[in-house]
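Subject: Two-chain model, handed over with notes

Dear colleague,

Here is the model that I promised to pass on, with the sequence and the coordinates together. Please have it open while you read the notes below it.

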Amino acid sequence: MTTISERFMGAAAGFSQGDLGPLMSMFADDAVWHAPTSIGRFGGTYEGHDAIEGWFRSMVELGFEVELLDMLEDDSHFVFLLEVRNGDFEQVHANAWRLDGDRFVEGWFLPDDVDAWNAFVDR
Amino acid sequence: MGQDHANHPNAARAREYLDAFASGDEESVASFLDDGIVWRVGGQHPLSGTYNGREEVVGYLRRVREETGGTLALEPEAVLAGDQHLALFLGVRGQRQGRSLEASMAQIVKLGPDGRWTEFWALSGDQDAIDEFWS
C-alpha cells in the first residue's frame, strides 16, 4: 500500500518547475489552506482548488531551493518540513495537512520565522 | 521513512506533555523544554511574539493558564513524531473574560538530540478568533 509520503513525493516531483497538477490532484475540491495572516500577501485562508493552486504558484515564483528535512504521517495526517533557500535567506517551512480518505482537506503553512519571511518578500 | 509516527516514543512523550499542560504541572512542562528553546506564538494579540529560553516559555504558559482561569484545553486529534520533529493537530478550547474559544491548531516542534523541545511554532485554522480571544 502506498504511503502518503510516497504519493506526495511522486506528486511534488515537478513542483519547483511549476508542474502543480499532480500535487493538486491530492487535494479535495473544497480543501482549505491556512497561512499566517502576518505574512502579508501570502497570508490568510484559501478555499478550493483555484485559490490553493494560486498560493502554491506564488511560492514557486519565489524561486526557492528546497531540501526536504522530514516527513511524518498517520492514516489521516501528513506533515513535511522543508528547508528553503534563496541567496542568503534560509528558513524552515512546516506544512501540516489533514486528509479525508485519500484527499487533503485542510492544510497549514507554518514558516519558522515570520519576521524573517516578511523581510525577505518585502526586499 | 517507514516509521510508525503515531506510536514513536517521542509521540508518547508529547502526550505526556499534554497531560502535564492540562494539570498545570509547571515543573513537568519545563522538563520537556530545552534551555535555549525558541517558542513562537503567532497572530496579532498581546501574547504574540517569540519567547526565548525555558524560563520565558514557562512564564508564557503560566500567563495563558492565569488569563483563562485554567480553562484552556488542548485536545489532541493526532500526535505524530519522528526522531527530529513532532507535530500536534489539536482542538483548542477555553474561556477568557466572557469570551469562548474553539479552534483547530497545528503545532510543530523541533527536537534536540536528547528529545527536548528546541523550537516550537504553531498556526490556527482561525487566527482571527485566536486574536480576538486574547485581545
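What follows describes the sheet of each chain, then one asparagine, and then the interface.

A word on conventions comes first. This is a predicted model, in which local features need pLDDT of at least 70 and side-chain atom pairs count only at pLDDT 80 or more, whereas totals for chains, interfaces and linings use all residues. Residues are numbered from 1 along each chain as its sequence is written, chains are lettered from A and ligands numbered from 1 in the order in which they are written, and side-chain values use heavy atoms, with hydrogens and water left out.

Chain A

Chain A holds an open sheet of six strands with mixed pairing, in the order β2-β1-β6-β5-β4-β3; strands (E, at least two residues) and helices (H or I, at least four) are DSSP runs numbered from the N terminus, and two strands pair if DSSP finds at least two bridges between them. The edges of this sheet are β2 (44-47) and β3 (65-74) of chain A, each of which has a single partner strand, so one side of each is left without a neighbour in the sheet. From one strand to the next the twist averages 15 degrees, where axes are lines fitted to C-alpha atoms (for helices over the stretch in contact) and angles run from 0 to 180 degrees between N-to-C directions. Strands β5 (residues 89-100) and β6 (residues 103-111) of chain A pair in the antiparallel sense over eight bridges, and A:Asn95 has A:Phe109 in β6(A) as its bridge partner. Helix α3 (residues 49-60) of chain A lies across β1 (27-35), β2, β5 and β6 of chain A, at about 50 degrees to β1(A).

Chain B

In chain B, too, there is an open sheet of six strands with mixed pairing and the order β2-β1-β6-β5-β4-β3. Here β2 (49-52) and β3 (73-81) of chain B stand at the edges with a single partner strand each, so one side of each has no neighbour in the sheet. β3(B) pairs with strand β4 (residues 85-96) of chain B in the antiparallel sense over eight bridges, with B:Leu80 opposite B:Ala87 in β4(B).

One residue to look at is B:Asn10, which is found in helix α1 (residues 9-23) of chain B. B:Asn10 counts as buried because its relative accessibility is 16%, the cut-offs being under 20% for buried, over 50% for exposed and partly exposed in between (1.4 Å probe, protein chains only). A polar atom of its side chain lies 2.9 Å from the backbone oxygen of B:Gly82. Beyond its neighbours within four places in sequence, B:Asn10 is in contact (heavy atoms within 4.5 Å) with residues including B:Ala81, B:Asp83 and B:Leu111.

The interface

Between the chains, 25 residues of chain B are in contact with 28 residues of chain A. The area buried between them is about 2,100 Å², of which carbon and sulfur atoms give 68%; buried area is the accessible area (1.4 Å probe) that two parts lose on being put together, summed over both. Across this interface the rule finds one salt bridge, defined as a side-chain nitrogen of Lys or Arg within 4 Å of a carboxyl oxygen of Asp or Glu. B:Glu77 forms a salt bridge with A:Arg98, with the closest N and O atoms 3.8 Å apart. On the side of chain B that touches chain A, the elements that give two or more residues are β3, β4, β5 and β6 of chain B, and the largest share, five residues, comes from β6(B).

With best wishes

How values were computed
A polar contact is a pair of N or O atoms within 3.5 Å; within protein, one must be able to donate a hydrogen and the other to accept it, and residues adjacent in sequence count only if both atoms are side-chain atoms.
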